[in-house]
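Hi everyone, thanks for coming along. I'd like to walk you through one protein today, so please have a look at the picture first.

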Amino acid sequence: TYINNGKLITIPNLSNNSFNIRNLILGTSYTFNVSANNPLGSSSIVSTTITPYSIPSAVLQFTYTDISTNTIHLSWYPPTNLGGYIDICYNIIYTDTTTNIINYIKNINNTSYTINNLTDSNNYQFIINAVNKMGTGPSAVLNEYLVGIAPSPVLNLTYNLNYVTNTIDLSWNQPSNYGGY
């Protein structure tokens, strides 16, 4: 017998010494009672209680919501399968693919995170995993994001109009900020 959602379920007359129970709900406790039976009666019951768990599934909709000079803001939704645990955290691994420097951020308790001090004009890869007591779930990946901002406007735009040849010459000074490029 076993208890499922408060209901006692009896599986009578098994001829072998094993039985597979499927579709258990992660994080739900189950009590299993087993006894041997013959025509003269039943043995004492041996009981065990277990709660099945697993690693969490991958986070959902991993994306960035803002890229600016030296900074990226990442956000995501929790995994659909928490593995039976209520408490999970997230680990981010990000790699500067220009320099191959790898960085780790562990035990994030929110579904968003801002990474600062990135190098302008370098490419980055961001990997996130949900983590529970059973271990680390599958990765969600954002590939090759270039960090920086758009340049500031050009300076001192001037023109020289030639009415005889019907042409114009434009000239300007470079912007004060190229956005890191």
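Let's start at Trp 76. Leaving out residues up to four places away in sequence, Trp 76 touches Val 59, Leu 60, Gln 61, Phe 62, Tyr 90, Ile 92, Ile 108, Asn 110, Thr 111, Ser 112, Tyr 113 and Ile 128. A contact here is a pair of heavy atoms within 4.5 Å.

Before going on, a word on what you are looking at. This is a predicted model, where local features need pLDDT of at least 70 and side-chain atom pairs count only at pLDDT 80 or more, while totals for chains, interfaces and linings use all residues. Residues are numbered from 1 along each chain as its sequence is written, and side-chain values use heavy atoms, with hydrogens and water left out.

Now the overall picture. The protein has zero helices and 16 strands; helices (H or I, at least four residues) and strands (E, at least two) are DSSP runs, numbered from the N terminus. Of the 181 residues, 26% are buried. For that word and its relatives, buried means under 20% relative accessible area, exposed over 50%, and partly exposed in between, with a 1.4 Å probe and protein chains only. Among contacts with a separation of 6 or more, 52% are between residues 24 or more positions apart. The protein exposes about 12,200 Å², and carbon and sulfur atoms supply 51% of that area. These areas come from the Shrake-Rupley method with a 1.4 Å probe, and for residues only the protein chains shown count as cover.

Let's go inside. Which residues of the largest nonpolar core touch the most other members? Out of its 19 residues, they are Phe 62, Leu 74, Trp 76, Ile 92, Ile 115 and Phe 126. E12 gives the most, with four residues. As background, nonpolar side chains tend to be buried together in soluble globular proteins.

Next, the aromatic rings. The structure holds seven aromatic pairs. Rings of Phe, Tyr and Trp (its six-membered ring) pair if their centres lie within 6.5 Å; planes under 30 degrees apart count as stacked, over 60 as edge-to-face and the rest as tilted. Why does the pair of Tyr 30 and Phe 32 count as stacked? Because their planes are at 25°, with the ring centres 6.3 Å apart. Both Tyr 30 and Phe 32 are buried. Tyr 124 and Phe 126 form another stacked pair, with 6.1 Å centre to centre and 25° between the planes. Tyr 124 and Phe 126 are buried too. Ring pairs also link Trp 76 with Phe 62 and Tyr 90 into a cluster.

Let's look at the end of strand E9. Thr 95 is found in E9 and is buried, at 13% relative accessible area. Beyond its neighbours within four places in sequence, Thr 95 is in contact with Asn 100, Ile 101, Ile 102, Asn 123, Tyr 124 and Gln 125. Not counting residues up to four places away, Asp 96 touches Ile 101, Thr 119, Asn 122, Asn 123 and Tyr 124.

Most residues other than glycine have a negative phi. Asn 23, though not a glycine, has a positive phi of about 60°. Asn 23 sits in the loop between strands E2 (7–9) and E3 (30–34) and is exposed, at 76%. Gln 61 has a positive phi of about 50°, is found in strand E7 and is exposed, at 61%.

Finally, the surface. Val 154, Leu 157, Tyr 159, Leu 161, Tyr 163, Ile 168, Leu 170 and Trp 172 form a nonpolar patch with about 940 Å² of accessible area together. Patches are made of residues with over 30% relative accessible area and no salt bridge, with like charges joined within 9 Å and nonpolar side chains (Val, Leu, Ile, Met, Phe, Trp, Tyr) within 5 Å. A salt bridge is a side-chain nitrogen of Lys or Arg within 4 Å of a carboxyl oxygen of Asp or Glu. Strands E15 (155–162) and E16 (167–173) each supply at least two residues of the patch. Val 154 lies in the loop between E14 (140–146) and E15, and is partly exposed at 43%.

Conventions. A nonpolar core is a set of buried Ala, Val, Leu, Ile, Met, Phe, Trp, Tyr and Cys residues joined through side-chain atoms within 4.5 Å.
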